[in-house]
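Subject: Handing over a structure, with notes

Dear colleague,

I am passing this structure on to you, and my notes on what was found in it follow below. Please read them with the structure open beside you.

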Amino acid sequence: MSTSALVGYARTSTTDQKAGLEAQLRDLEQAGCTKVFREEISSVATNRPQLAAVLEWVREGDTLVVTKLDRLARSVVDLMSITAALKAKGTGLRILAMNLDTATPTGKLMLNLLGSIAEFERELMLERQREGIAKAKAEGKYSGRQPTARRQAGEVLRLRAEGKSANDIVGALGISRASVFRILQENGETA
């Protein structure tokens, strides 16, 4: 007979957020998690391998513990998908910052409401961002993010002139093959 476990999941968007990850790990340990899955990846990434791993690892009677809702799900649809996977395995969900536990009917209701509110807030933020960008463009103050590889076009062309292959350029500059070929093509070079 197996015993139930508290299993933690911690996520930060970038490797620069070490303090945030450390705080999550500390909180999960204090909550009694015996195993913790962690990753440094944006929530909008389509592939979150450690989230997939924790969803695979948990068993009936276990509880998945996260510090905050936004560390787990990026939308209500995503949240519902994750909670459905947990429910199918007989696994609960606990969100520490909200003192929410889906083992209770109130916890289930609150999770759905809070997920909807979080998605609504994100949509409002994105709408304000779009409005701000449009205003800045109209005033001629916004040029957008410059593509990373294109900033290295001069280096790509220099290395090519030195006789380097596309693979050599990719290795030297850390950009994709597609970017190398695009830069060469835009500058009348052949791959």
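**The second largest pocket**

The lining of the second largest pocket draws at least two residues from each of α3, β4 and α4, where helices (H or I, at least four residues) and strands (E, at least two) are DSSP runs numbered from the N terminus. Before going further, please note that this is a predicted model, in which local features need pLDDT of at least 70 and side-chain atom pairs count only at pLDDT 80 or more, while totals for chains, interfaces and linings use all residues. Residues are numbered from 1 along each chain as its sequence is written, and side-chain values use heavy atoms, with hydrogens and water left out.

The helix α3 gives the most to this lining, with five residues. The lining of the second largest pocket has 13 residues, and T83, K87, T91, T102 and K108 are those that lie nearest its centre. A pocket here is, on a 1 Å grid over the protein atoms alone, an open set of points where a 1.4 Å probe fits, with protein on both sides within 12 Å along at least five of seven lines, and a lining residue has an atom within 4 Å of a point. The space in the second largest pocket comes to about 260 Å³, the volume being that filled by probe spheres set on the points, which are joined across faces, edges and corners.

Helix α3 covers residues 76-88, and its 13 residues reach 18 Å from the first C-alpha to the last, close to the 18 Å expected at 1.5 Å a residue; the expected span is 1.5 Å times one less than the number of residues. Its buried residues are V76, D78, L79, I82, T83 and L86, where buried means under 20% relative accessible area, exposed over 50%, and partly exposed in between (1.4 Å probe, protein chains only). These residues cover an arc of only 160° around the axis, which puts them on the same side of α3, the arc being that of the directions from the helix axis to the C-beta atoms. The face turned away from that buried side carries the exposed residues V77 and A88. The buried residues of α3 pack against α2 (49-57), β3 (63-66), β4 (92-95) and α4 (105-138), with contact meaning heavy atoms within 4.5 Å. Just after α3, G90 takes a positive phi of about 75°.

In strand β4 you will find L93, which is buried, with a relative accessible area of 1%. Leaving aside residues up to four places away in sequence, L93 touches T63, L64, V66, L72, T83, L86, L100, D101, T102 and L111. The C-alpha atoms of L93 and G107 are separated by 9.1 Å, and the two residues are 14 apart along the chain.

The loop between β4 and β5 (100-101) holds N99, which counts as exposed at 74% relative accessibility. Most residues other than glycine have a negative phi. The phi of N99, however, is positive, near 50°.

**Helix α1**

Helix α1 (residues 18-30) contains Q24, which counts as buried at 6% relative accessibility. A polar atom of the Q24 side chain lies 2.9 Å from the backbone oxygen of R11. Apart from residues up to four places away in sequence, Q24 touches Y9, A10, R11, T12, T67 and R71. E22 also lies in helix α1, but E22 is exposed, with a relative accessible area of 53%. Between the C-alpha atoms of E22 and T12, which are 10 residues apart along the chain, the separation is 9.8 Å.

In helix α7 (residues 177-186), the buried residues are S179, V180, I183 and L184. They cover an arc of only 130° around the axis, which puts them on the same side of α7. Their packing partners are α5 (153-161) and α6 (166-173). G188 follows α7 and has a positive phi, near 70°.

The loop between α6 and α7 includes I175, which is buried, with a relative accessible area of 9%. Not counting residues up to four places away in sequence, I175 touches A149, Q152, V156, V170 and V180. I175 and A136, by contrast, are 30 Å apart from C-alpha to C-alpha, and 39 residues apart in sequence.

With best wishes

How values were computed: Polar contact = N/O pair within 3.5 Å; in protein donor to acceptor, adjacent residues only side chain to side chain.
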